[in-house]
Amino acid sequence: MWLKGVGSGEQEPPLSLFIYCTGHGERKNDSTWGLALPTFDEWAAKHLLEPANIIDTLYGSDRQRKKELFEQAVIVLDACYSEPGAGDAMETRRRQSAAGRVDYEAWVIATARKAQQAQQLAFARAFAKTLSRSDGTREFIEPSALAEQINRHLPTDSQEVWVSSVGRRGCRALPDPAYMPQTSPDWLDGDLDEWSHLARGRRFPGQEGWYFSGRREEQQRLREFIGGGGPAGPLILRGAAGVGKSALLGHLAVCGKSEWRRLLPPVARRGLVLPDDSVHALVSAQDASVSGLARRIDKALGLDLGNPTPDELCEALEDLPPRTVLVDDLHLARDAPAAVVTDLLDPLAEYARTVVIASTGHDAATDEVWQDLQLPVLQIGTDDEGVRTYARARGAGEVAAACHGHFGAAVQAVDAFLGTARGRDGEERARRAAGEQLTNFHRSLLASRRHPDDWCRAMLEPVRAAAACGHDAGLTAEHWAALATALDRSGRTYGPEEAREAAELLGGAVTDTGTGKGTDSSATPPAWRLATPVAPDSRGREFAEAVRDCLPVHASRAGIDWAADTALTVLFADASSRFDQEFAAERSSWAFWAALPGDALARQLDAGGARVLPCRVDAAVRNQTPGLHPAVRVFQLKLSLLRSGNEGRGLDPRGSGAGVDVLWATPKDGVAVPDLLAVTSGASGDGYVVTTHGDASIRLWNLEDGTPLAEAVRSEEVGIASHLALAVFDGEPVVVFVADGAGLLWRPLTGRDPEPLAALDGATAFSLHGDGLLAVARGARVEVVRLGATGQTRSFTVPGSGRVTQVHLGGGAGDRRLVATTEFGTVTARVLDTGVAAVRRQPLLMPSAQHAEVSSTGHTVGMLDRSGGLFVWDESYGTRGLDIPAPRDGTLTFAVGDSLAAAAGGAQKPWLCLLPVTSGGERPVSRLPLPDQPVALAFDTHGSRLVVTDLRGVFCLDVSPDPPRPDMVDHNPPGPVPTIDRSEEAR
């Protein structure tokens, strides 16, 4: 029917035509070929539709007078034996040309030779496969090249495509669907010129390329609305600045032109179901009054009404077929949006049967208008996938992440990237270009409630600057408001409620990084982070200064209290990371680095953030383990600083929650490797530490500050000490030790060298008490002598033992006691009362014990079994095990006090554990990292100081319990700690 209409002139022929004919091919007398079609009736007598019939229908027979013809035609004969049919068609074309009746080009494609049968759909499948592999470099497909490609997908032995043609010009009847037009065609309607480049995804009309992408769901909604699938009245397309409203309307408009659709690339053509000329006008409402917008619509529709009023425009359109009008930037009209809708757009939709779609900005006031008028609203936001596709299509996919789904930012960023000269940082330019557009986008969101521009700028700057410096933790409402106040040069102040309102207005542009409100310890308050961070800008230093000014200061001393608000400290670390020299005083503070949480510290160190510190301090900071508790890292940092010779005493691990403090430390490798260790405190409070070393020296230290007090340098030839004891006797420290079996006495403060002490010759164990008593064990016998006195004071044998392995004299006046351990693991204790000649055996047997330690009072005994487990015994609770985390990591040494035990070990990752022996001895942090492999531990007399020696030196810890806070006082203290008596198990 369509062919008949074209032949009779009822249908307007296009410039070119593609005709596909398929069916059952038949040959008569080996010459005549035609298609047997069940619906063919005009030539019923012949029973076949021959190619000449098609040619005559399109261009007229020889008997017909000359008429306007097609310029080009491609005819496909997809049937068996179709080669003769192609020849017949070409012969008809030649006769017409020879008679001078027509002037056109024609290509006839036969899908089978005269002796071949065409397989069903074989040509169609090969044709589709060929088109899918096109490179899109040419606008039209040449039939001969098409046939060559199709034959590659066909079994040529049984079927081969053949082309016959007549004409001088190239074929323009087969447009390549993969081809993308580079610029708008010259014949595009003038009123669409200013939108054609937006429809292609470009900034300016003269730029080539078609890169519009994304918005598939929105396009479908708009097409449905144009087709009558929506509610009555205008449709409002709502979105913030730069999200692509104008581009979407432009794309919809130009795709609504039938001439333009022929040139659309696949990305625009796929799924396009718009009828011919479905969009008739696209106008801008910017700076237009109601009457001015009516004039613009009149001109765009070509009505030539001159200067129509809205009523005259509606009357003119009532007599015409329905029209579709798109209005851009309705929120920028001179008159109020409500007046534009009620006086013009709504009458056009209601009385003139016009489909109206209008774009508007993100504004709370206009939102109320749409709600009052009950208009449908289609919200359009950012489109991450569309922007990524757009950037990749333009060869700049690496900049898509900086645009965060914002098309305005993407266009600017890609142009900046592609326009960067070789050798310069194109990505940096792209990020800055995107940042400018994103800033405008965010300000438009903040202005949606008619806030002044100054307010929008002030509230945006803190989150924008925080995102620009890489701060991911977000800002609380209090921090946000404080920073806005600090950055506002006008002196205006802002409150947390304004920050919360700003977060609400920014909507999806900010992400709440808080874990929620509540009483749970893991819950954190809302904190907002800009979801679309931008490149750092020139105001970065000013922002870092504002953050510093907001940090709390110490109440009792000058300086910033870095630990008081760690969230703000982390923000300052991120903000100042690019300005080391400008903030050298702050960033060279060890308290600043100690206050940083683990993830923030790791990020700063990875970025080289500690480069303003002295080398030793920088090393101390880098030696911290980022994943540890902040209090543990303060402990780690202070110990490292003290050992490096730097001032770190101002750090307070106890105040950070570690439960211990580092009092002093010897410089790393400042002494030979320590070996033996002893610690004591005198009655007047003076305390001392004595250590032996691998170079055969013996050193005395002040317990409170680590000051070296004395050193006995001995030749290694005279032997290294194998046993050691220390006590304060007559107000001065006294050291006794055994080297190569010979006993020696050293009074360090006298300045004299160690003197022989015959009472210790051959001793296997000994202990010195502060009252001058010296207990010496040889084999199974224990002798108790007094320093400076002649003769034996006491002598007895420990029952049931072949050899005493350890003795300890402890306790004060009236409560002095002797504790002895034997090779069989028997531990005995006896109060040394006057006239008692024997040691009473106690029911304590640990046959698997390798080593024992006794508290200074003698009331508590600690033992290590062969598997590395730690057990303690005292008179009140008996024997019980203490849980040591990861004991298989190698427990090397331990010490015991009456309320606290300590164990240390680990060769690869050294550690120290503080374990409560009685109730009240618990510490907030029970496991601490050590810088080097530990050698020995020892408590002082009162159990409040713990001295540690390792392979690199000596340091002292304050392990006294934290004073209870008033709110933590327990008026109903719990009962005794449950005990586990393992004596029967040991037996």
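This is a predicted model: local features need pLDDT of at least 70, side-chain atom pairs count only at pLDDT 80 or more; totals for chains, interfaces and linings use all residues.
## Overall composition

The protein chain contains 28 helices and 40 strands. Of its 987 residues, 51% count as buried. When contacts between residues at least 6 apart in sequence are considered, 56% of them join residues at least 24 apart.

## Helix pair H19 and H21

The axes of helix H19 (residues 477–487) and helix H21 (residues 540–550) come within 9 Å, and they cross at roughly 120°. H19 and H21 are therefore oblique to each other. Their crossing is right-handed. On the H19 side, the contact is made by Ala482, Leu483, Ala486 and Leu487; H21 contributes Glu542, Phe543, Ala546, Val547 and Cys550. Sorted by class, the residues of this contact are eight nonpolar, no polar and one charged.

The loop between H19 and helix H20 (496–506) holds Arg492. With a relative accessibility of 37%, Arg492 counts as partly exposed. Neighbours within four places in sequence being left aside, Arg492 is in contact with Trp455, Thr485 and Glu498. Trp455 lies 37 residues from Arg492 along the chain, and the C-alpha atoms of the two are separated by 9.6 Å.

In soluble globular proteins, nonpolar side chains tend to be buried together. The largest nonpolar core of this model has 90 residues, and those with the most contacts inside it are Ile357, Trp480 and Phe543. Helix H18 (residues 453–468) gives the most to this core, namely nine residues.

Which residues does Phe543 touch, once its neighbours within four places in sequence are left aside? The contacts of Phe543 are Pro462, Ala465, Ala466, Cys469, Leu483, Leu487, Leu571 and Ala575. Two of these partners, Leu483 and Leu487, also belong to the H19 side of the contact with H21.

Leu571 and Ala575 are among the buried residues of H22. Eight of the 10 residues of helix H22 (residues 566–575) are buried, so this helix is largely enclosed by the rest of the structure. The buried set also includes Leu568, Thr569, Val570, Phe572, Ala573 and Asp574.

## Helix pair H7 and H8

Helix H7 (residues 216–226) and helix H8 (residues 245–255) have axes that come within 11 Å and cross at roughly 50°. That angle makes H7 oblique to H8. H7 passes H8 in a right-handed crossing. The contact involves Glu218, Gln219, Leu222, Arg223 and Ile226 of H7, together with Leu248, His251 and Leu252 of H8. These residues divide into four nonpolar, two polar and two charged.

| Helix pair | Axes come within | Crossing angle |
|---|---|---|
| H7 and H8 | 11 Å | roughly 50° |
| H19 and H21 | 9 Å | roughly 120° |

## Loops between strands

Most residues other than glycine have a negative phi. Ala696 has a positive value, with phi near 75°. Ala696 is found in the loop between strand S16 (687–693) and S17. With 4% relative accessibility, Ala696 counts as buried.

Asp730 also has a positive phi, of about 55°, although it is not a glycine. The loop between strand S19 (721–729) and strand S20 (732–739) is the place of Asp730. Is Asp730 buried or exposed? At 68% relative accessibility, Asp730 counts as exposed.

Thr707 occupies the loop between strand S17 (698–702) and strand S18 (708–712). Its relative accessibility is 35%, so Thr707 counts as partly exposed. Apart from neighbours within four places in sequence, Thr707 is in contact with Leu700, Trp701 and Asn702. Thr666 is 41 residues from Thr707 along the chain, and their C-alpha atoms are separated by 8.9 Å.

Technical notes:
Residues are numbered from 1 along each chain as its sequence is written. Side-chain values use heavy atoms; hydrogens and water are left out. Axes are lines fitted to C-alpha atoms, for helices over the stretch in contact, and angles run from 0 to 180 degrees between N-to-C directions. Helices (H or I, at least four residues) and strands (E, at least two) are DSSP runs, numbered from the N terminus. Angles under 35 degrees count as roughly parallel, over 145 as roughly antiparallel, 65 to 115 as roughly perpendicular and the rest as oblique. A crossing is left-handed if the near helix is turned anticlockwise from the far one by less than a right angle, and right-handed if clockwise. Contact means heavy atoms within 4.5 Å. Ala, Val, Leu, Ile, Met, Phe, Trp, Tyr, Cys and Pro count as nonpolar, Asp, Glu, Lys and Arg as charged, and the others, Gly among them, as polar. A nonpolar core is a set of buried Ala, Val, Leu, Ile, Met, Phe, Trp, Tyr and Cys residues joined through side-chain atoms within 4.5 Å. Buried means under 20% relative accessible area, exposed over 50%, partly exposed in between (1.4 Å probe, protein chains only).
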